[in-house]
Amino acid sequence: METVKHLVVGAGVTGLAFADWLDTDDLLIFEAEREIGGYCRTVARDGFVWDYSGHFFHFRHPEIERYLVERMEGQEVRKIVKEARIWHEGALVDFPFQKNIHQLPQEQFIECLYDLFFKDEGASGAPPANFEEMLYRKFGRGIAERFLIPYNRKLYATDLRTLDVDAMGRFFPYADTADIVRNFRRAENQSYNATFTYPAGGAIQYVNALAKGIDPSRIALSEPVVAIDLARKVATTPRREVAFEHLTSAMPFPKLLAMTGVPHEPADFSYNKVLVFNLGFDRKGPEGVHWMYFASPEQVFYRLGFYDNIFGTDRMSMYVEIGYPKDARVDDEVIAEMLERTLADLEATGITSGHRLVASHHVLLDPAYVHITRRSAAEVARLQQVLAHRGVHSLGRYGAWTYCSIEDNIVEARAHADSFNALTA
Ligand SMILES: Cc1cc2nc3c(=O)[nH]c(=O)nc-3n(C[C@H](O)[C@H](O)[C@H](O)COP(=O)(O)OP(=O)(O)OC[C@H]3O[C@@H](n4cnc5c(N)ncnc54)[C@H](O)[C@@H]3O)c2cc1C
């Protein structure tokens, strides 16, 4: 039987960043798909360049960004000041909603401001019990019910009372009352991604930069791991068995638990699915905006974005995202219906106006956003430990069952590699 020191499951950002940073070549990566990249894959079709969904990058560690860009010779990387809007009752409001209530019709502005000022912050002093309660307590009923709750419910496709207060971590644009009022005079819609970068060749360019440090013969494509025997430390694919010393997995955590037979409660790991349409039209659409949010049930999508306004090209190139509960049926019939609904909604909102669709692509991200609950966070931490004692490490957005960026994945994967590098140094 083949034996390897490090077996890696998944050639997405996490698996590749780990293998690239590891000081040894005694490794093998199994990837279920025909190509590397995971959710950071890019599709080029009929002159349009799309990602699996809008993937834009905001690095907090300049050395990581430099490391990647230096390996992307000849690749133009644009740096863009983000323009994000909310579609609200036929008008556009700047994002984030909570800091731009002064842009609402006067009656709604007064309601949101009044509710913000007199919000019930919880008399007992106990922290909010869940995500929805946090929204009411921090922003008052007006802001919560006019945007934050319907938008996040549409995105997460779940009851927000089931989510942990911190379900979005640093990705939630917090603002206190003073920030909100200050913004009425001086717009300062800062968020974690006030500027972002994007390579001309799409998100896959960052993935390719990571893969440059790995011997291609160490990556086995179209070879899913189908079983893991913890006692023998052997992984099985449809083609072979491989014995490992350490296994690092980026596959979704519940899938790893099922494969290793570690006792757990599947209901603890809930998530949504996101259907993404990438659409190319014959001419330009709205300008000066990179993405838009839609909280209303009148539109089927919760968010869409415009690659043409990043690249400065003359045909509208768009991604559209639609959220589903994890058990929803999203087969070819539903996808065809949703494309029709999407095109109708684009026309009704005036985003298209007789535009001709000239190219399209779709992908179902399953899972897309994990539902972080108190229970899921505690169980992930506990079960990761159980697996680590058997030499199996679960990392990445889905391996650690969390909400994070690709930079977070790189930071985590490198720290994991360093823990092995230190032993051999
Ligand atoms: C809608 C959406 C928008 C996003 N936008 C951004 C953004 O703008 N900026 C940003 O920084 N991040 C963004 N992200 C997050 C980003 O996509 C992830 O953080 C990143 O792609 C996760 O990489 P990963 O390697 O951990 O997981 P994945 O990309 O899921 O890679 C895991 C890999 O494992 C493989 N695999 C699974 N099971 C097996 C198996 N049994 N055997 C072998 N291989 C297997 C899969 O095929 C896949 O290639 C977004 C995510 C979503 C869902």
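Modeller: Domain bounds here come from an automatic or database domain assignment. With those bounds, the C-alpha centres of domain 1 and domain 2 lie 36 Å apart. Please keep in mind that this is a predicted model.

Colleague: Thanks! Which residues make up domain 1 and domain 2?

Modeller: The assignment gives domain 1 as 2–55 + 202–265 + 373–424, and domain 2 as 96–185.

Colleague: What makes you say that residues of domain 1 and domain 2 are in contact?

Modeller: A contact requires C-beta atoms within 7 Å of each other. By that test, four residues of domain 1 are in contact with six residues of domain 2. On the domain 1 side, the touching residues divide into two nonpolar, one polar and one charged.

Colleague: And the largest nonpolar core: which residues touch the most other members?

Modeller: That core has 113 residues, and Leu16, Ile143, Tyr206, Val207 and Val320 touch the most other members. Helix H4, residues 131–156, gives the most to this core, with 11 residues.

Colleague: Why is this core said to lie between domain 1 and domain 2?

Modeller: Because both domain 1 and domain 2 give residues to the core, it lies between them. In general, nonpolar side chains tend to be buried together in soluble globular proteins.

Colleague: What does Val207 touch, not counting residues up to four places away in sequence?

Modeller: Val207 touches Val13, Leu16, Ile36, Gly37 and Cys40 on that count.

Colleague: What is noted about phi of Ser222 and of Lys233?

Modeller: Most residues other than glycine have a negative phi. Phi of Ser222, however, is positive, near 50°, and phi of Lys233 is positive as well, near 55°. Ser222 lies in the loop between strand E9 (219–220) and strand E10 (227–229), while Lys233 is found in the loop between E10 and strand E11 (234–236).

Colleague: Which bond joins Phe95 to Pro96, cis or trans?

Modeller: The Phe95 to Pro96 peptide bond is cis, with omega near 0°. Pro96 is in the loop between strand E7 (91–94) and helix H3 (106–117). From Asp366 to Pro367 the peptide bond is also cis, with omega near 5°, and Pro367 sits in the loop between E17 and helix H10 (374–388).

Colleague: How do you know that strand E13 pairs with strand E16?

Modeller: Pairing takes at least two bridges between strands. E13 (residues 272–281) and E16 (residues 317–325) have nine, in the antiparallel sense; one example is Lys273, whose bridge partner in E16 is Tyr324. With E17 (residues 357–365), E13 has eight bridges, again antiparallel, and Val276 stands opposite Val363 there.

Colleague: What makes E13 mostly covered?

Modeller: Nine of its 10 residues are buried.

Colleague: Last one: how many residues surround the ligand, and which are closest?

Modeller: There are 33, with Gly10, Gly12, Gly38, Gly396 and Ser405 the closest. The shell divides into 19 nonpolar, 11 polar and three charged residues. Helix H1 (13–21), helix H11 (396–399) and helix H12 (406–424) each supply at least two residues of this shell.

Key:
Residues numbered from 1 in each chain as written. Predicted model: local features only at pLDDT ≥ 70, side-chain atom pairs only at ≥ 80, totals over all residues. Buried ≥ 20, exposed ≤ 12 C-beta atoms within 10 Å, placed from the backbone. Helix = DSSP H or I, 4+ residues; strand = E, 2+ residues; numbered from the N terminus. Near = placed C-beta within 6 Å. Nonpolar A, V, L, I, M, F, W, Y, C, P; charged D, E, K, R; others polar. Contact = placed C-beta atoms within 7 Å. Core = buried A, V, L, I, M, F, W, Y, C linked by C-beta atoms within 7 Å.
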